[in-house]
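Work through the exercises below with the sequence and the coordinates open. Each task is followed by its solution.

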Amino acid sequence: MTQFHASLVPRKTRELNGITPETIPWEELVEAGEPVLLKGLVKKWGLVEASQHSPLAAMDYLKSFYAGLNVGSFWADSTIRGRYTYTDDFSGFNFEKKRVPLTDVLDSIAQHLEDDNPPGRYVGSTTIDACLPGFRQDNDLSFNHPMFADNDPLASIWLGNPSVISAHYDSPNNLACCVTGMRRFTLFPPEQVDNLYPGPLEPTPGGQAISLVDLNNPDFERFPKVRHALEAGQVADMEAGDALFYPSMWWHQVEGIDRFNVMINYWWNTVPAFMGTPANVLKHAILSLRDRPLNERKAWQALFDYYIFGDAESNRSHIPPEAQGELAPLDDKTARQLRAWLIQRLNR
């Protein structure tokens with residue numbers, strides 16, 4: 001029987017029991033700002049029930065919805081032992097990216113189900129509605145809270161054989177459902193970024209900068225500060241039917257433990273769609289601020305603290321509302337004006 005290996009992170013994620021897809025306490029989860037493991041939340045889903053029979057039954061269940069579209073996938077030989085990352089010299093990745101039919105990936109996994117160390121096969125972040133139309137009829141959640149009125153969550157599927165996806169962060173909130181096999185999430189609050197040794201912003205294995213530390217076998221001589229991250233982290237061990245909520249910007253390493261693993265996740269933002277993407281601000285700051293003299297950076301840091309990270313209401317209260325302009329609460333019209341202004345300046 002498959003078992004979880006020992007973790008270097010001793011703290012376990014808080015658990016909630018007895019929650020159903022119709023009774024998820026969405027507001028409580030978001031406001032708490034901490035990961036929460038929802039035990040058995042999706043245990044009655046069709047794919048979870050198929051998975052109880054065998055991995056092949058789970059694959060057949062997925063194939064019954066497959067629309068024939070090619071999917072993005074990672075292919076690697078067995079030497080990587082499921083850990084998808086950079087080559088040692090950072091000249092590329094230790095796997096090959098391919099766009100192939102989903103059935104090709106499933107059939108290759110099936111061929112190696114009995115291997116103790118199979119070649120790596122992985123499909124990540126594939127939109128369910130396009131790839132598996134009809135699947136959500138018996139495999140979905142109820143998004144009945146007002147926060148979803150203008151923010152329909154994006155439902156994606158992730159699958160493969162044993163895998164280790166290095167720690168990274170995502171901008172949206174996330175609810176990840178383990179539906180086949182077993183998964184482990186190792187999670188860190190956003191302020192641990194310095195202790196996780198992020199790699200390049202570009203290129204990345206899957207779109208976000210990843211930690212360069214192998215958290216299951218860390219090189220403490222090369223990455224000494226990771227000890228602090230391990231002390232601040234937490235672990236969520238998931239069986240099929242469990243779901244995990246974790247907030248925006250939390251770092252998370254994700255491991256698929258079994259010979260075949262499937263996860264369904266939902267991403268959503270709690271801000272209006274007209275707001276810009278913070279990652280764009282980061283790259284613009286690298287372009288405009290990072291390499292300026294220290295005294296200038298400190299001055300700009302003070303301005304950012306005042307206008308961006310401070311109390312916005314307090315910082316504009318001395319200005320008449322009709323004169324606040326872009327300092328007033330953002331709306332669709334102001335967002336469009338700011339975006340047009342930025343495009344004009346950046347194109348000079």
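**Exercise 1.** Which residue stands opposite G256 in β13?

Solution. The model is a predicted one. Start from the strand: β13 covers residues 251-256. Its partner here is β10 (183-188), and the two run antiparallel, joined by six bridges. In this pairing, R183 stands opposite G256.

**Exercise 2.** Find what stands opposite V254 in β13.

Solution. Turn to strand β8, residues 163-168. β8 pairs with β13 in the antiparallel sense, over four bridges. The residue opposite V254 is I165.

**Exercise 3.** Decide whether the faces of β13 are covered or open.

Solution. Begin with a rule: in a regular strand, side chains alternate between the two faces of the sheet. Next, sort the residues by side: W251, Q253 and E255 are on one side, and H252, V254 and G256 are on the other. Then apply the cut-off for buried, under 20% relative accessible area. Six of the six residues of β13 are buried, and both faces are covered.

**Exercise 4.** What separates the C-alpha atoms of D194 and E96?

Solution. The two residues are 98 residues apart along the chain. Their C-alpha atoms are separated by 29 Å.

Conventions: Residues are numbered from 1 along each chain as its sequence is written. This is a predicted model: local features need pLDDT of at least 70, side-chain atom pairs count only at pLDDT 80 or more; totals for chains, interfaces and linings use all residues. Side-chain values use heavy atoms; hydrogens and water are left out. Buried means under 20% relative accessible area, exposed over 50%, partly exposed in between (1.4 Å probe, protein chains only). Two strands pair if DSSP finds at least two bridges between them.
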